[in-house]
Amino acid sequence: MAPRSSKRVTPARNRGRGREGPSVVPDRAGFLPVNRRDLAARGWDGIDIILVTGDAYVDHPAFGVPLLGRVLEAAGYRVGIVAQPRWNVPDDIVAMGRPRLFCGISAGSLDSMVAHYTAFRKRRRDDAYTPGGGAGRRPNRAAIVYSNLVRQAFPGLPIVLGGIEASMRRCAHYDFWSDRIRRSILLDARADLLLYGMSERGIVEVAGRIDSGRGIEDLAGATYVSDAPAPGPLLPSWEELQSDPKALLDATLAVERQVLRADAPCSQRHAGRTIVVTPPPPPLGTAELDRIYDLPFTRDAHPDCDGPVPALEMVRWSVTAVRGCGGGCSFCSLALHQGRRLCSRSEASILREVARMTGHPAWTGSVTDVGGPTANLWGARCTSAPASCRRSSCLFPALCPHLRLAQGDYLRLLRHVTGVPGVRHVRVASGIRHDVALQDPDFLRGFVAEFVGGQLKVAPEHGVAHVLRLMRKTDFSIFERFAGIFGERSREAGREQYLVPYLLSAFPGCTMEDMRHLAEWFRRQGWRPQQVQCFLPTPGTVATAMFHAGCDLEGRPIHVARGDREREDQHALLVGGSRPHRQPRQTLSRKGLTGAVETGTPPPS
Ligand code: SF4
């Protein structure tokens, strides 16, 4: 279905950093309702469900809440969106009246504390998910604040939490900003249910069950409060986590196993109360995923937005081709949120989406991404039984023999996208797994010659073996080999192209000496790294558990740069000069937001 945007051309207000085509004010009839006038325009006398989000309302499939809104709409429910409501008055929450079924709440595409603070605990001035890009339109711990607001506005209305903030805080967790173990967010928000991970199936099931008066607790991929633990693993309790830092590692690894094997519920006691985390549902199949991405997204910010939304401008012409990531990197929330099991869209569905994009009034001719968490894992699949898998990663320490790659098919897909009428360029902004790319020399040759477009993001993350092991990243020699081949293939193709390596400082286990070693490697190459992020202990990850526990996965003590001073010093070693004096900018990748500091340009490879 074609996007429903009008063709009215407007001044530069909606233009995206000089890369966009003509700006347009989209027709609000193409969006889900946000107020009573919109309800009346649709002939609705009420609403079934409201979805509250900490982000601006952007009708694009890369934005979770609007995507769930479209899924619920397609299932026949009357849905409205409340974006970035004021939290000191209920006016925005009640703008469409009391919903008949429930209220879904998400802090937005990022954990609100990650959105607001840098890795050095400094307040950010920018927010890529807000019109105009300025900070301050959502509260800290937004899921809890919005829940309180909804409970006051609509007493007794069921509240369902979702999104990354709720997902990664579903069990008791370490909170870097308060430096303590917090309870499950379900208890702090006093919500009725928490859906973790990608919740398209779950939220439709919740709506159906509430509509028919049935209970919602035993859904797959949910967390609920119970009188007693369910049969299955009992995680260390909230009290045990507070008295024994190492217990957080046991709890986090148990949750990670549950996400992969989907075998049994996990329970956790919190001071006389118990939460139960049910196993995730099977990942969506290709046909289900195709149906979701065929929904009529406008790819525009809502016309009420009072400025361009930077995050939209970054992803407007991108296409999600694959979900899930087999990497299992210890610092990444993906494995515990989306899961390691891969699910790819069909080529036909991707080509249909691209064809629709070319009809958008602001279309520029460039598809900026055909990817996902790991673009070159599109079409890959496990030929064994993930439910009995004992590995923590499909790619580390080496590629699992049961993972069947499809990089040749991915290259053909990119070429077919290039062939869609109206498409001039295709790029892969989400980057690729360089260790996986080395498995297929023909793919690498074609990809480097045709789809890099100047810069290619790769993520070696570090260069010291023991740090890489803790990260679950492959050996640095693989990156060195890849960099050499990338340079050769670029020269063969007559292109001046750059690698942009993503690197982490102050990772648990990393010392000043390790950072000096890494910095020295780049200095010898005459290469100033462009994307360096100081490790941020985000809730729920395995790396954060190591940070808190001060030991590796086997319980051996490791050095942890805990204080801001050492963290800044480690970071400064790589970015050059003294300690960082600038606020890191928000930058976006398929894996979420990073607080990277751009410090220079790598040499041509
Ligand atoms: S068997 Fe191999 S490919 Fe399959 S889930 Fe386990 S590690 Fe991944």
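A residue is classed as buried if 20 or more other C-beta atoms lie within 10 Å of its own, as exposed if 12 or fewer do, and as partly exposed in between, the C-beta atoms being placed from the backbone. Helices (H or I, at least four residues) and strands (E, at least two) are DSSP runs numbered from the N terminus. The model is a predicted one, in which local features need pLDDT of at least 70 and side-chain atom pairs count only at pLDDT 80 or more, while totals for chains, interfaces and linings use all residues. Residue numbers start from 1 along each chain as its sequence is written.

View 1. Strands count as paired if DSSP finds at least two bridges between them. β4 and β5 run parallel and are joined by 4 bridges, with Ile-105 opposite Leu-161. On β8 (residues 193-195), which also runs parallel to β5 and is joined to it by 2 bridges, Leu-194 stands opposite Leu-161.

**View 2. The open, mixed sheet of 8 strands.** The strand order is β3-β1-β4-β5-β8-β9-β11-β10, and the pairing is mixed. β3 (79-83) and β10 (266-270) are the edge strands; each has a single partner strand, so one side of each lacks a neighbour in the sheet. On average, neighbouring strands are turned by 25 degrees against each other, direction ignored. Helix α2 (residues 64-74) packs on this sheet and touches β1, β3 and β4 (102-106), its direction making about 170 degrees with that of β3. Axes here are lines fitted to C-alpha atoms, for helices over the stretch in contact, and angles between N-to-C directions run from 0 to 180 degrees.

**View 3. The antiparallel pair β9 and β11.** Strand β9 (residues 222-226) runs antiparallel to strand β11 (residues 273-277), and 4 bridges join them. Ile-275 in β11 is the residue opposite Val-225.

View 4. Strands β22 (residues 498-505) and β23 (residues 531-534) pair in the parallel sense over 4 bridges. Leu-504 has Gln-533 in β23 as its bridge partner.

**View 5. Surroundings of Tyr-57.** Tyr-57 lies in the loop between β1 (49-53) and β2 (58-59). Tyr-57 is buried because 25 other C-beta atoms lie within 10 Å. Beyond its neighbours within four places in sequence, Tyr-57 is in contact (C-beta atoms, placed from the backbone, within 7 Å) with Val-34, Pro-66, Ile-81, Ala-83 and His-302. Gln-84 is 27 residues away along the chain, with a C-alpha separation of 8.2 Å from Tyr-57.

**View 6. Thr-286 in helix α10.** Thr-286 belongs to helix α10 (residues 286-293). Thr-286 counts as partly exposed because it has 13 C-beta neighbours inside 10 Å. Not counting residues up to four places away in sequence, Thr-286 touches Cys-343, Ser-344, Arg-345 and Ser-346. Pro-303 is 17 residues from Thr-286 in sequence, and their C-alpha atoms are 33 Å apart.

Conventions: Two residues are in contact if their C-beta atoms, placed from the backbone, lie within 7 Å.
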